[in-house]
Structure formats: structure tokens, C-alpha cells
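Student: I have a chain open here and want a quick walk through its geometry. Can we start with the overall picture and then go into details?

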Amino acid sequence: MNHLDPQRHVRGESQYLDDVPTQQGTLYAAVFESPLAHGKLLNLDLSAALAAPGVVRILTAEDIPGYNQIGGIVPDEPLLAEGHVHFRGQPLALVLARHEHQAHAALKLIKVELDPLPIITDPRVAAAQGELIVPPRTFKIGDSGAAWASCAHVFEGVAESGGQEHLYIETQGAYAFPTEMGGVRVISSTQGPTAVQRHTAHVLGLGMHRVEVDVTRLGGGFGGKEDQATPWGALAALGAFVTKKPVKLVLDRMADMRMTGKRHPYSSDFKIGFDEHLKIVAYEVTFFQNAGAAADLSPAVMERTLFHATNSYFVPNVTATAFSCRTNLPPNTAFRGFGGPQGMFVIESAIAKAAEELGIPACEIQRKNLLRENDLFSYRQPAEMCHAEQAWDTAAQQYDLASLRAEVEQFNQQNKLFKKGFAVMPICFGISFTKTPMNQARALVHIYSDGSVGISTGAVEMGQGVNTKIASVAARTLGISINRVKVESTNTTRVANTSPSAASATADLNGKATEMACAALRERLLRHAEVEYTLNYEGIEIKGEEVLAAGIPTETNWEKLVSSAFWKRVCLTENAHYATPDLHFDATTNTGHPFAYHVYGTAFTTVTVDCLRGTYTVDAMRIAHDFGQSFNEVIDRGQIEGGAVQGIGWMTMEEIAYNEEGRLLSNSLNSYKIPDIYAAPKVLDVHFLDTPGHPKAILRSKAVGEPPLMYGIGTYFALRGAVRAFQPEVQLPFSAPMTPEKVLKGLYPEFLANRNTWISTATAVTSASF
């Protein structure tokens, strides 16, 4: 069994939020949004909308019985705006109607009066004006200021990386039901059920025990439903609580794109210094994070950027500073990689700049500076069980690095209007929530009297295969078929106080808790077998549903053993708690041991650019990746392939655009391009690195959710190399994504710089001809 869900998916049997049968009396909700990005809220006229057909109630901030606040890290985000609006699309009111079309029709009848205020969309402008979400953070090791004097080469520059739309297939939504004793039950499309529960309880003025949140599965998340599922769950619950009727709220695609935050854009300054042997001596970087109008998860994302500011390289002297800048855009949020990719892009840009100015391939610098065992990161954690060099060297041998580079050089010598580019992208990604208390999980396991098994954890299935992995852990630990195992929906009543399914830690945390619970049940059953069947406990095991003693089948099997234990009143339920050991981090000194382990890998990317049109293809991506001891290669390979292509999209075509008024311009799939089958590499090969795994990874199988996205960064630098092969003297800014328009500007900088003159001349010549 490679994956539990695909057959249900292709048959249309998998249930998502919008598939939940609608209860009689359900009201449909629609959100009235702010039409301005910043202003004082002077008046909200609901009279015409309240008189519209089918409208039952319209809720505003005044109708909130508890606290109008859903901010997590920083309490700066009201559920419904009051007094001021801070971004275009901010919820102002919630219309409840008997039919969905009636709710949306009523939105057009609401009149709002706003007094416009200055709008900031640029994080550097926000920083200059002191508009910060939290105070700046600095990670430091060594003395970079003093180290510059010993550097043989020093380079400085600016790197810009754009945002990215999550574009999960299932949009944001929730379905809420009033319950007896004044509570609510919420079916939510969320990666963080406990976050929805906590904030909903806060908004309604209830204890968390009176708010139940349930999640069967998500149609994609990518981080966009870690924190940003909260407002829709809380709004639906507010409607249900106030009206005492079920309320359903599901955003359409354009509303979802318009009202939700994205991957954080960053604008960054870097300075890097090398000795005469091209070893990195010092690195200084300043990150300006565009957080949007409220904190959301921005401080944590910013911190992760600092953790990964040096990627796979050892740098003895580092000063990395980050500013989380408040702008008048929707609050930006978690996205696969969680700030790590933004930090990695900057140091790769710094290395690329050095290589270009020195006239050498960037890979020569990269290889010389890879992490080795016990090298310190800037936060003082040593690189333990470090496979950075092994990943590089294995990839170089497996795919013949020298030949790949030679092929590109030969092609470029023989072709004028097509040029190839090649780049190497090593990665190093820490696995754990960087907020230590979040590294905990629980599992509730029932063995039913017929031998079937039910498991509840805090893990949310969103296409990554975590339910399959948890079921596999249970089946292996108990010695039974996976067909006996059912993984239940994620529910805050069965398993409380859960961490979100994020940080690539979901399988490790929840899988370890499941393993502990199943191990306790297995021991309990074997102790029962020792007494019931007069066997030697030390020699008993369950394998293939057979009970073996010293490897020999006994008179019983799994079903008989479970039935016997039940009739002897042996407890067949176990609850286990797992907390990742040895984690600690001091945020006052920015030092500690925040990660359970690191994942390593290396990707070789080859691209071809059409130098007439500026279009390009990704010819191949060849990856050597540190999976540890994978126990489901099909799922893990799928995660690598999907993550890499998503990273390619971020680096090449997915361009988020807002105008100066804070209006989203890339607001539909007509104006926002994501990778399709034609954008994926023609060759995408994944080699499983031979490593022992890590004891803190579930069954020594390392986390695989986020690390592969960073391989996509190499595509940017491969395209940059192809452009420079055609136009060697071009001064390309480090600006991602590398869209075809940017490629064309790099190929023909003089023409495009003087395009108005060319157009005027061409027009004059054409007119004269007639």
C-alpha cells in the first residue's frame, strides 16, 4: 500500500469541506471587504442590504460577544474591522442569507464611508518610517565587522524575491453548527485546528472546551491554511453562535486570492567576503520582510529566514539582521519553506555575484564552503550527522557533473539564438518548529475487539500522505496489516492542544506519538499472551498478524489475542504524548539547539533560453536527496517532485503584483501563472542518498515536506547563466521571479532601455512610407 487516498480521490469519494451534506436551515455567509487599503472607517450603511431578499442578519464588530481579535503572535488583527481599515479586502461585515447568491447580492448594497490614509506597499519605506511588526532581530557569530580586513575579495549587492500565491485547489472555508449548551462545532479547512478553536473561543467569549473543530482532509494547504484559515472558521462560528443556525462560508477563487496573504516578498542587502582560496570569511545581510498589515506568522517566518541565512555553507563570521515591515497589504503568512527559501536566495545571489565578477563558475565557490561535521551555524547549533558534502559528491558522481557542465558549454558555443544555463543548488533545512513548545504531539489509539485499529492524532492530511505514514507506523509497530488501520479525522475533542501540520514536522511528531501508543499496546498484549498461553515474554512477537514464540507460530493470532485480551478486561486504548527531546533556543541571545536534525541535498538544473523570445524550458533537474531511511519511497519521491516544481514556479513565473493603492493585480488565473506540465523539468530524476537517517525522525525516515522547494532556486541561477551566455556584459539585478519579461530585458538591455526611441523612429518611418 503506497498511499491510502488516491483511489478515493479518483473515484470522487474523498470528502472535503464543501462535500459535507448541508443541514436544513443552513445560512450562507459572504464577506463584505474594505475597498481601500488604508483609512478611517467613518460609517457602514447596512440598511439596503438588510432589506434585500433572503438576508437574515448582517454582523459587524459590534456583534462580537467576546474579543474582536484573532492575532496569534501579536494581537494586532481584528476579526472584523473597527475604527480603521489596514488592507484592501479586510473583512468589515458578514452577510448571512438563506441562499448563497442572496448573500453575495446583498454585498453590493452595503455602503461604506472611509477617510483615506497614506498607503505603504514597500517594506523599505515601512522600515524607514518605523512601521515594524516586531523589533528587528539579529543572528551573529564571530565578528564580521573586523573580518573584512582579512578578506581578499568583498562583494555587495541587493537581492529581491517576490511573493507566491498558495493556490490550493480547495479555497478557504468553514461550516459551523450551534451545539447544545451554547457551543459550536466547526468543520474547517485548516492546517491548525487548535488555532481555529482557540481564536473562535476567544471571539465568542467561550472556553475552548465548548468549541469543537474537525478536519477530515484539505485540498491543499502549503502553509496558507496554517494561520489564515482562522478568520473564516471564526466568522462562520460567529454566525452560527449568534443566529443559532448552521452557517457555511466558502470563498470563491478570486476572493481567496484577493483577501488572503502570500509568501512574504523580501528586499535584502548583502555583503560577502572571501579569502584568497575562495573560502567565505564573512557575511552580512539585512532582510526587509514585507509582512503586510498584521503580524500573522511574520515574526516566526522572519526568524526562520535568519536560521537559514547561510544555507549549506559554513561561515565563521555572520551578522544577519531582519526587519518585519508593516505594509498595507493582506497579512502575509506561512508558505512551504517558511522564510527559509528567502534567506537561501540571498546568499546564493551573493555567491553568484562573486562568481560573475571573478569570472569563475559559482559551483567552485559553493563546493569549497559546504558544511562539515560540527561546523557551527550562526545560532551556535553544530551540524551533526552532516551530509552536505556527501550529497554534493554523490550527485556529482551519479549525474557526472563535469559532463553536464561541458555539455552546456559546448551547446552555447555551437548555438547563437539558444543558450543553456546550468546551476547547482545545495540545500540544508532544519526540521522542527523553531518555537520549542510547539514540538509536541499526542496520539489516541483504539484496538477494537475485532482486531481493527482506530487512530486519532493532530496531523492534518492535505495531500502529503501523512495519514498513510501514520497508518504504516501503527501497522509496523503492532505487526498487522495496514488494511486493519483507520486514521480518523483530526478533531480537537479527541486530541487537544495540537500544533499545526507545518514545519515538515507533522509525520515526525504525530508518528512518534503513534509509535509510542502502539508500542505500549503491543507490550500489553504480549504480557497478556505470556500469561494466557504460558509463553516466555522475551521470545514473543507479533508479525504478519501471527503471534510467534521464538519465531515459531503459536496457537493464537492477532484477532484471537485481541479478543482474549478484551474478555480479560485488558485495556485496548492508549494515549501517548511525544515531545522532541533536547530542543532549546534562547531568543534573547538568538542561540541554542532549535532543530532536531537537518536535511541535506543537492540539485543540478539545466535550462534552455530562446534568445529571440525570452522564453525558456527547464530541461532537467537531477537531485541527490537525504531521505534518511525512507519507509514510503513513493510518497517521499512525490513530495520531492512536487516541491521542486513549486520552487521552480516561485523562481520563474509566479509573480505577485500590487499597485500603489494596494490593489492585487495578479488576481486570477488569467493574470497569475503557476507551473503546469510544460513548465516542469523534462527530466526530473531523484536519487535517494545513502544515509542512516536520524533517531529523532520517525523510523529514521527524514522529513520531506519543505526541503525540496529550495531546489527550485537553482532554476533562477541557471536562467541567469543562460542570459549571460548570450549577453556576457549584462548587469542583471538579483530579482526573482525570473519571468520571460525579465529574461528578455537581460537579453536586450540596450534595446529595451531605448525602446521609446526605437518605437518613435519606427512609427516615423512607417508614416513616411505611406
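**Overall picture**

Tutor: Of the 770 residues in the protein chain, 60% are buried. Keep in mind that this is a predicted model.

Student: How many helices and strands does the protein chain have?

Tutor: There are 21 helices and 30 strands in the protein chain.

Student: What box do the C-alpha atoms fill?

Tutor: Roughly 95 × 75 × 55 Å along the principal axes.

Student: And how much of the accessible surface belongs to carbon and sulfur atoms?

Tutor: They hold 52% of about 30100 Å².

Student: Switching to sheets. What is the strand order in the open sheet of 4 strands?

Tutor: The order is S16-S27-S28-S29, and the pairing is mixed. S16 (418–431) and S29 (683–688) are the edge strands with a single partner each, so one side of each has no neighbour in the sheet. From one strand to the next, the twist averages 15°.

Student: In which sense do S16 and S27 pair?

Tutor: Antiparallel, over 14 bridges, with S27 covering residues 597–610. Within S27, threonine 602 is the bridge partner of proline 426.

Student: Now helix H15. What span does it reach?

Tutor: H15 runs over residues 506–532, which is 27 residues, and reaches 38 Å from its first C-alpha to its last. That is close to the expected 39 Å.

Student: Which residue with a positive phi follows H15?

Tutor: Threonine 534, with phi near 50°.

Key:
Residues are numbered from 1 along each chain as its sequence is written. This is a predicted model: local features need pLDDT of at least 70, side-chain atom pairs count only at pLDDT 80 or more; totals for chains, interfaces and linings use all residues. Side-chain values use heavy atoms; hydrogens and water are left out. Helices (H or I, at least four residues) and strands (E, at least two) are DSSP runs, numbered from the N terminus. The expected span of a helix is 1.5 Å times one less than its number of residues. Two strands pair if DSSP finds at least two bridges between them. Axes are lines fitted to C-alpha atoms, for helices over the stretch in contact, and angles run from 0 to 180 degrees between N-to-C directions. Buried means under 20% relative accessible area, exposed over 50%, partly exposed in between (1.4 Å probe, protein chains only). Accessible areas come from the Shrake-Rupley method with a 1.4 Å probe; for residues, only the protein chains shown count as cover.
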